[in-house]
Amino acid sequence: MVDLQSQYAKIKQDIDTGIQEVIDSASFVKGQKVAEFQAHLEQYTGAKHVINVGNGTDALQIALMGLGLKPGDEVITPTFTFIATAEVVALLGLTPVVVDVNWETMNMDIESVRRAITSHTKAIVPVHLFGQCADMEPLMKLAEEHHLYVVEDACQAIGAKYTFSNGETKQAGTIGHIGCTSFFPSKNLGCYGDGGAIFTNDDELAARMRAIANHGMVVRYHHDMVGVNSRLDSIQAAVLDAKLPHLDEYISARQRAAAFYDRAFANNNKVLIPGRQAHSTHVFHQYTLRVVGADRDQLREGLAERGIPAMIYYPVPLHQQKAYRDPRYKDGDFPIAEKLAACVLSLPMHTELDEEQLEYITSNVQDLLAQ
């Protein structure tokens, strides 16, 4: 699904040099490399504040902690997403409220959000699934109308751009009150371990979240709030800082691969190519087909037999997960999410895909669908 070795080979000298500098300095935690990467990421995204943390899940948890939400407060999130989005809500004693998604873009459905808002709702967590932004302009208007916070889960969409009706363009993760991203190795900007970041333009929120990530501490050994221990180590920062100048190049490579897939499957009525959000670019963390005229699982097995990996993101919506079963919801309440869970299939997608590989993948998909 990814080829990190080939990607590393192209920038080996930069990565090796950065790692060696950290080793030479022996400043492995909160070192100069972390500060440098933070500054460069702020410049790239346009976010006023970047707070580096241990992983994307920590970023989401610290963001919600920073908002000062209380047990029982409701947080709206899509039911078709990775579990971390609801996990942090539950861990903090908040109430996850799930909504359906759009069939084409697979992102949060705005009307479903509107219907889910109650007097207990305090925040909305849109997920920029697979690499494109949710429809943020109407979502932000809705949030403003009801005085709600918006925390973007941009863990799959760093580098994606959303254009508003007035022509203003913002990066994924910098539109809401807070944005979160992950640097898991397979992400579009990935480190060689775990890592994550929080974005905000709010000075007060930034100060609070920075303290929360550091044991609730502003002045050393003086703890003003309950916090956690979550930080990006210096070696991972060195890796990310070496990769960041190549991120747009990586995105372009993924978009070229996606365009190849699009052309290959455009006229095959057994699969649907990924729908595009009208106001967002797509950075293709995943390329996800909807298999509508064939057996999805049989197709996946056939591809595996031919040496082609394919993954199901995600086979079970949140409301059907055992850990998150809720009497408020029953099977059939979120028909689009349930339909997607039964038909999605993600093909290999990474920066090193060449035309020969893409031809091999697409021709085998076509052959198996024709059987």
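Analyst: Start with β9. Five of the five residues of this strand are buried, so β9 is largely enclosed by the rest of the structure. Buried means under 20% relative accessible area, exposed means over 50%, and partly exposed lies in between (1.4 Å probe, protein chains only). Strands (E, at least two residues) and helices (H or I, at least four) are DSSP runs, numbered from the N terminus.

The model is predicted: local features need pLDDT of at least 70, side-chain atom pairs count only at pLDDT 80 or more, and totals for chains, interfaces and linings use all residues. Residues are numbered from 1 along each chain as its sequence is written, and side-chain values use heavy atoms, with hydrogens and water left out.

Both faces of β9 are covered. G196, I198 and T200 are buried on one side. A197 and F199 are buried on the other.

Now the neighbours in the sheet. Strands of a sheet pair through backbone hydrogen bonds, either parallel or antiparallel. Two strands count as paired if DSSP finds at least two bridges between them. β9 pairs with β1 in the antiparallel sense, over five bridges. There, I51 stands opposite I198. β8 also runs antiparallel to β9, joined by four bridges. In this pairing T181 faces A197.

The open sheet has seven strands, in the order β1-β9-β8-β5-β4-β2-β3, and its pairing is mixed. The edge strands are β1 and β3 (95-99), each pairing on one side only. From one strand to the next, the twist averages 25°.

Next, the helices over β9. Helix α4 lies across β1, β5, β8 and β9, at about 165° to β8. Helix α8 lies across β1, β8 and β9, at about 15° to β1. Axes here are lines fitted to C-alpha atoms, for helices over the stretch in contact, and angles run from 0 to 180 degrees between N-to-C directions. Contact means heavy atoms within 4.5 Å.

Among the buried residues are A59, L60, I62 and L64. The buried residues of α4 pack against β9 (196-200), β1 (49-53), β5 (149-153) and β8 (178-182), along with helices α5 (84-91) and α8 (203-212). N55 caps the N-terminal end of α4, with a side-chain oxygen 3.1 Å from the backbone nitrogen of T57. That is a polar contact: a pair of N or O atoms within 3.5 Å, where within protein one must be able to donate a hydrogen and the other to accept it, and residues adjacent in sequence count only if both atoms are side-chain atoms. After α4 comes G68, with a positive phi near 70°.

In short, β9 is paired with β1 and with β8, and both of its faces are covered.
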